[in-house]
Amino acid sequence: MIERKPPFGATRADARVALVTCGELPDLEPDDRLVIEPLADRGVRAEPAVWDDPRVDWAGYDLVVLRSPWDYVSRRPAFVEWAHRVPRLANPATVVAWNTEKTYLELLAAAGVPVVPTEWVHPGDSWGPPATGAYVVKPAISAGSLDTGRYDLADPGHRVLAAAHVARLQAADRLVMVQPYLTAVDSDGETAVLFIGGTFSHAIRKGPMLAGPDTAEAGLYRPEQITAREPSPAQLEVAGKALAAIPGGVDSLLYARVDLIPGPDGSPMLVELELTEPSLFLSRSAGAAERLADAIAARVLT
Ligand SMILES: Nc1ncnc2c1ncn2[C@@H]1O[C@H](COP(=O)(O)OP(=O)(O)O)[C@@H](O)[C@H]1O
Ligand SMILES: [Mg+2]
């Protein structure tokens, strides 16, 4: 057996980290598994753990890292309550509570971050579609592009479907977001800017996700088309501005992902700030898994 030695002054020989997932992905996503070996190289044993498995002793871990607990969307209060019960969670429970409903976009907009303009439709509100234009309807608590649809309101059929989509989400007691569809996503895609330990790590391009009206499909997420991408200076600037505006600051964050789509004038607009359970696309950037392992090890080997 090869003896693994931590490269830098570990004081704990038995450091253990949980990588949090959901019951449908008990062994994690392949991309998240990429951090396990680099962690072992640094003297940290990492293993998957399902967030709502009552058998898990969360206090037994030196750090509990959120990764793919994506089934929380229909049970957000229970998830946030669980997060507060975990002694050492990354990202922290206060961040999880703030970041799992997209109403945080309002705070970022007020701080001067360019955010996609959003109409918020509450469960009891009456709503009629705007006269024309392309719009997105989506829930404020969501993941994986589920329950999200694109409507061309010049099309009478789409007007009916958009209203039905809003009504369906309202009937499920969900806060609804209606946004102009940023058409640049069809050509430029969406850019996810990834930060590890507060420092820029890498970026990816995600292809457009919305072909048309929502089909209410079940699952954890819709399939994505991902490629590596160099972020532009303007994208890095907006990403930095978004992170600088979060309550509590960036110091507590193990990871962060800032999702941007070009607005009507071509400059980046914030679609989502993912501080809870973002895919980190570690396989898309040389050294990303090692950078994440370094950031985790720095927190547990002290
Ligand atoms: N205003 C918008 N314009 C264009 N595409 C959008 C818009 N809002 C969402 N989308 C598309 O829908 C996907 C999912 O929306 P998002 O807000 O990121 O929610 P989720 O939390 O489900 O990832 C995005 O990746 C993007 O492709
Ligand atoms: Mg998204």
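Author: Helices are DSSP runs of H or I with at least four residues, strands are E runs of at least two, and both are numbered from the N terminus. The model is predicted: local features need pLDDT of at least 70 and side-chain atom pairs pLDDT 80 or more, while totals for chains, interfaces and linings use all residues. Residues are numbered from 1 along each chain as written, chains are lettered from A and ligands numbered from 1 in written order, and side-chain values use heavy atoms, without hydrogens and water.

Reader: Which helix and strands each supply at least two residues of the lining of the largest pocket?

Author: A pocket is an open set of points on a 1 Å grid over the protein atoms alone, with protein on both sides within 12 Å along at least five of seven lines, and its lining residues have an atom within 4 Å of a point. The largest pocket holds about 830 Å³ of space, a volume being the space filled by probe spheres set on points joined across faces, edges and corners. Its lining counts 42 residues, with S145, E190, K206, M209 and E224 closest to the centre. The elements that each give at least two lining residues are α1 (30-33), β6 (134-139), β8 (176-180), β12 (255-262) and β13 (268-274).

Reader: Which residues are closest to the centre of the second largest pocket?

Author: The second largest pocket has a volume of about 440 Å³. Its lining is made up of 23 residues, and those closest to the centre are V73, S74, I141, D147 and R174.

Reader: Where does D147 lie, and is it buried or exposed?

Author: D147 is placed in the loop between β6 and β7. Its phi is positive, at about 55°, although the residue is not a glycine. Buried means under 20% relative accessible area, exposed over 50%, and partly exposed in between, with a 1.4 Å probe and protein chains only. D147 has a relative accessible area of 17%, so it counts as buried.

Reader: What is phi of S145 near?

Author: S145 is among the residues closest to the centre of the largest pocket. S145 sits in the loop between β6 and β7. Its phi is positive in a residue other than glycine, with a value near 60°.

Reader: Which residue is the bridge partner of A134 in β7?

Author: The pairing of β6 and β7 is antiparallel and extends over 4 bridges. Within β7, A134 has as its bridge partner D152.

Reader: How many residues of strand β9 are buried?

Author: In a regular strand the side chains alternate between the two faces of the sheet. In β9, E190, A192, L194 and I196 are buried on one side, and T191, V193 and F195 are buried on the other. Strand β9 (residues 190-196) is therefore largely enclosed by the rest of the structure, the buried count being 7 of the 7.

Reader: Which residue in β10 is the bridge partner of E190?

Author: β9 and β10 (residues 199-206) are joined by 7 bridges in the antiparallel sense. They form a hairpin with 2 residues between them, and G197 in the turn has a positive phi of about 55°. The partner of E190 in β10 is K206.

Reader: Which residue in β12 does I196 stand opposite?

Author: β9 also runs antiparallel to β12, and 6 bridges join the two. In β12, the residue opposite I196 is Y255.

Reader: Which strand gives the most to the lining of the largest cavity?

Author: A cavity is a set of grid points where a 1.4 Å probe fits but cannot get out, and there are 2 cavities of 30 Å³ or more. The largest cavity has a volume of about 60 Å³. Among its 13 lining residues, Y72, N99, S142, E272 and E277 lie nearest the centre. The strand that gives the most, with 3 residues, is β13.

Reader: What is the relative accessibility of S68?

Author: S68 belongs to strand β3 (residues 63-68). S68 counts as buried because its relative accessibility is 0%.

Reader: What is omega near for the peptide bond from A90 to N91?

Author: N91 is located in the loop between β4 (89-90) and α4 (93-99). The bond from A90 to N91 is cis, and its omega is near -5°.

Methods: Two strands pair if DSSP finds at least two bridges between them.
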